[in-house]
Structure formats: structure tokens, C-alpha cells
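Here are my notes on the model, point by point. Please read them with the structure open.

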Amino acid sequence: MRKVVGVAALLCAAVLAGCSGGGEGGQAAAGDDAITVGFSQVGAESEWRTANTRSVREALAAPEFNLRFSDAQQKQENQIKALRSFIAQGVDVIAFSPVVETGWDNVLREAKTAGIPVVLTDRAVNVADDSLYATLIGSDFVEEGRRAARWVIEDSQGKQGPIRIVELQGTVGSAPANDRMRGFKEVIDGDSRFQIVRSQSGDFTRARGKEVMEAFLKAEGDNIDVLFAHNDDMAIGAIQAIEEAGRKPGTDIRIVSIDGVRGAFEAMKAGKLNATVECNPLLGPQLADLIREVHAGREVPKRVMVEEGVFTQDQAEAELPNRKY
């Protein structure tokens with residue numbers, strides 16, 4: 001049995017609110033040889049995240065797995081407490097989707113010292129020693145930003161510049177915000193017609209997306225041609241702000257966002273969102289496979305990608321019934 005770090009007082013119930021076992025009413029109990037997984041989720045900031053959590057819970061279910069789940073509520077300090085709690089409990093594997101990229105070296109070193117492998121899901125970390133985690137499963141956020149920019153360029157064929165873009169960023173310091181911004185700028189900078197005139201964080205939430213878009217509209221008036229939102233929820237909030245300002249989203253302001261959630265397809269069907277770049281949240285089954293492998297001591301790829309596409313208004317009605325999130 002793995003050496004447990006710390007004392008009983010550090011256990012989940014005493015250390016952080018909201019940490020719970022995988023068992024819920026009506027579910028099977030974990031078996032004696034179940035793999036105990038401590039999973040720390042970013043939060044519940046969007047439709048995407050809700051679908052991601054559901055996929056993880058379903059895939060890491062009893063009797064094969066004993067899931068200990070924690071919601072960090074988008075705060076890194078909560079997530080670090082959760083990881084230390086998992087270490088104290090002596091879980092078999094830790095998996096988590098990091099709130100931000102930096103600040104993980106110490107706690108991941110503690111997990112490595114305790115002999116607990118770590119699997120990153122959805123988001124990357126920036127650490128000095130990449131042996132501190134076993135693997136990362138998730139999307140290529142830089143490529144998602146590039147895809148959004150390529151759609152903007154294709155949509156703007158024949159238009160004269162300047163074409164003024166506002167950008168709703170995700171959570172400051174997070175991997176998807178950093179990478180989507182970098183990928184988008186990399187492509188858009190190659191066409192002198194485009195100008196990013198405003199760029200501010202909407203923290204991946206619908207409410208903040210609306211609030212920041214209201215500020216953009218107040219500052220720029222009618223001089224906004226394109227909105228690039230780092231996720232669909234912020235775009236949906238921005239759509240409301242655009243309508244309340246008396247403009248037509250999808251027409252007066254062309255809109256591209258990232259995730260591919262059901263709400264985005266509904267907005268496209270209504271003509272209010274022009275395109276969404278898919279970021280698949282249903283990582284649970286692939287995550288379960290990776291956890292089985294690292295628990296067994298087998299080598300796994302350092303980076304595991306998911307397949308994704310780009311969807312536009314003309315595809316929305318046909319695709320909407322197929323969306324699982």
C-alpha cells in the first residue's frame with residue numbers, strides 16, 4: 001500500500017468543501033480492487049465544462065473506479081488544496097484540469113514524491129520538469145485560435161479594410177485563453193486589413209461576456225465588425241449585449257467562438273452566431289483509458305489529442321440534433 005503523506009486531519013472532509021466520493025444515490029459501490037482517482041475540476045463556468053464533468057463522472061464510475069471529485073470554483077488555491085488532499089488520502093491516480101498554467105511545480109513534486117501519477121485533462125501546465133505529470137489529454141488550443149482566424153479571413157473575402165475585431169478572452173493565465181489568443185493573432189496578423197481594437201477577459205462566463213461586450217460597444221460604437229470569443233458562453237452573453245444596443249448579431253457584427261456547445265448551434269440556427277470551432281469536452285472515456293494505463297505502470301504518449309471540426313450557420317440545423325453537449 002502506498003505511503004500516505006500527512007495525517008488524517010488532512011483528509012478530504014476537513015480540507016476542502018465540495019470534495020466527494022464517486023458514489024451517489026443508486027450507483028454501484030466501488031470494488032475492492034477499484035482504482036481510486038482524485039479529480040479536480042476547474043469549476044462549472046460554462047456549458048462545455050458541465051458536459052466535461054458529466055463525461056468524466058460517467059467514465060470514472062464504480063465498480064471499476066472510486067472517484068473523489070472536487071470543484072475548484074475557478075480558484076487555483078482551491079485546486080492546490082484538493083491535490084494535497086488527494087495526496088494525503090493516498091489515491092492511486094490524480095487527474096485535474098488546471099485553472100491556470102503556472103504555479104504547479106511544488107504540489108506536483110509532492111505527488112511525484114508520494115508515487116502518485118498525474119494526468120492533465122483539457123488544459124496544460126507550465127512546469128520546469130515535465131516528468132511531474134504522466135500525460136495531457138485535450139485539444140490543441142493554438143490550432144483552435146488559428147481555425148477561428150481562418151474562418152474570419154474566409155468570411156471577409158472581398159471586403160476592404162480596416163476590419164475591426166474585438167476579442168473576448170478566457171480566464172487570464174489559463175492555457176486556452178493564452179493559446180487561442182496566440183493562434184488567432186498568428187493568422188490574423190498576416191492580413192493587414194484586420195485590427196484587433198479591443199481585447200479583454202470575460203472569464204469564460206456568459207455574464208462576464210455580456211458585461212465586457214457592453215463596454216466594447218460603448219467604447220467603439222458602430223465601429224466593430226467582428227467578435228472573436230474564446231468560448232461560446234461568452235459569445236452568447238455578447239449576443240445579448242449586441243441586441244440590447246440595437247445591432248444585429250451575426251449580421252452587423254460577425255461572430256466566431258470556440259467550443260461547439262448546443263447553445264452555439266441554437267444561436268447559429270437563429271442567425272445570431274456565424275461559426276463555432278469545436279472543442280470536444282467528452283474526454284471521459286479516453287481519460288479512463290489513460291488512467292488504466294498509468295496505474296498499471298505502462299508508458300503512455302505525453303500528449304493525446306482529440307479530433308474536432310469547425311461548424312457554420314448553414315450546418316447548424318442539421319447538426320443540432322446530434323450535439324451531445
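1. This is a predicted model. Start with β4 and β5: they pair in the parallel sense, over three bridges. Within this pairing, phenylalanine 96 has leucine 120 of β5 as its bridge partner.

2. Now take the other neighbour of interest. Strand β2, residues 35-41, also pairs with β4 in the parallel sense, here over four bridges. Glycine 38 stands opposite isoleucine 94 in β4.

3. Are the faces of β4 covered or open? Both are covered. Val93 and Ala95 lie on one side, Ile94 and Phe96 on the other, and all are buried.

4. Helix α4 spans residues 105-113. Its buried residues are Asp105, Val107, Leu108 and Ala111. After α4 comes glycine 115, with a positive phi near 80°.

5. Next, the open sheet. Six strands form it, in the order β8-β7-β9-β10-β11-β13, with mixed pairing. Its edge strands are β8 (194-201) and β13 (310-312), each of which pairs on one side only. From one strand to the next, the twist averages 20°.

6. Inside that sheet, look at β7 (residues 163-169) and β9 (residues 226-229). They run parallel and are joined by four bridges. Leucine 168 is opposite alanine 229 in β9. Helix α8, residues 232-244, packs on the sheet. It touches β7, β9, β10 (254-259) and β11 (275-278). The direction of α8 makes about 155° with that of β10.

7. How do α7 and α8 pack? Helix α7 (residues 206-220) meets α8 at an angle of about 45°, and their axes are 7 Å apart. The angle therefore makes α7 oblique to α8. The crossing is right-handed.

8. Which residues make this helix contact? From α7 come Arg206, Gly209, Lys210, Met213, Glu214 and Leu217. From α8 come Asp233, Met234, Ile236, Gly237, Ala238, Gln240, Ala241, Ile242 and Glu244. By class, the contact of α7 with α8 holds seven nonpolar, three polar and five charged residues.

9. To check by eye, I would take two places. One is β4, with both faces covered and parallel pairing to β2 and to β5. The other is α8, which packs on the sheet and also packs with α7.

Technical notes. Residues numbered from 1 in each chain as written. Predicted model: local features only at pLDDT ≥ 70, side-chain atom pairs only at ≥ 80, totals over all residues. Heavy atoms only, no water. Buried < 20%, exposed > 50% of the residue type's maximum accessible area, 1.4 Å probe, protein only. Helix = DSSP H or I, 4+ residues; strand = E, 2+ residues; numbered from the N terminus. Pairing = 2+ DSSP bridges. Axes fitted to C-alpha atoms, helices over the stretch in contact; angles between N-to-C directions. Contact = heavy atoms within 4.5 Å. Parallel < 35°, antiparallel > 145°, perpendicular 65-115°, else oblique. Left-handed = near helix turned anticlockwise from the far one by under 90°. Nonpolar A, V, L, I, M, F, W, Y, C, P; charged D, E, K, R; others polar.
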